[in-house]
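Hi,

Here is the structure I promised you. Have a look at it first, and then read my notes below.

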Amino acid sequence: MLRRKARAAALQVLFQMDVRNKKLEEILPYFEIPKGWDEDTLTFFFHLAKGVENNQEEIDRVLSKASKEWPLYRMANVDRNILRLAVFEILFLPQVPIGVAINEAVELGKKYGTEESGKFINGVLGQLVKNLEKEEKCPTKKEKL
């Protein structure tokens, strides 16, 4: 449950970074870390936010291939950043199963996005995984970890 909260907090920071066109270190001073977080949750939160920031170019490239009908600039800001978060987990966090990354993204979409966000996010991520499997770049080894 704490990882879910870390993902939601990372989404909030990524949203602000995107809207304000700022770096993580410029947004963090205005972000209040929730009380009761343990060290693992805090570390996971920072890892997600910094990971998306550091890999955004590759994440956006992969996302663009999966969502040809919806260019990134046309996506709702919340949906775009949820997708970035999920793609980061899929591509760069082998300890997170792909199904978990997708499910968590869909849940974030339902909670913070529009009525259609969950379906949209699920569809884009489903296509993304198909694309990665075709290219034999899908990190299927995740299930073994």
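Is Phe88 buried or exposed? Phe88 is buried, with a relative accessible area of 3%; buried means under 20%, exposed over 50% and partly exposed in between, with a 1.4 Å probe and protein chains only.

Some ground rules before the rest. This is a predicted model, where local features need pLDDT of at least 70, side-chain atom pairs count only at pLDDT 80 or more, and totals for chains, interfaces and linings use all residues. Residues are numbered from 1 along each chain as its sequence is written, and side-chain values use heavy atoms, with hydrogens and water left out.

Now the rings. The count comes to five aromatic pairs: rings of Phe, Tyr and Trp (its six-membered ring) pair if their centres lie within 6.5 Å, and planes under 30 degrees apart count as stacked, over 60 as edge-to-face and the rest as tilted. One of them is Phe31 with Phe45, stacked at 5.4 Å centre to centre and 20° between the planes. Phe31 counts as buried at 17% relative accessibility, and Phe45 does at 0%. Phe88 and Phe92 are stacked too, with 5.5 Å between centres and 25° between planes. Phe92 is partly exposed, at 27%.

Ring pairs also link Phe31, Trp37, Phe45 and Phe46 into a cluster.

Finally, two charges sit over rings (NZ of Lys or CZ of Arg within 6 Å of the ring centre and within 35 degrees of the ring normal). Arg3 has its charged end over Phe44, 4.0 Å from the ring centre, while Arg74 lies over the face of Trp70 at 4.3 Å.

Cheers
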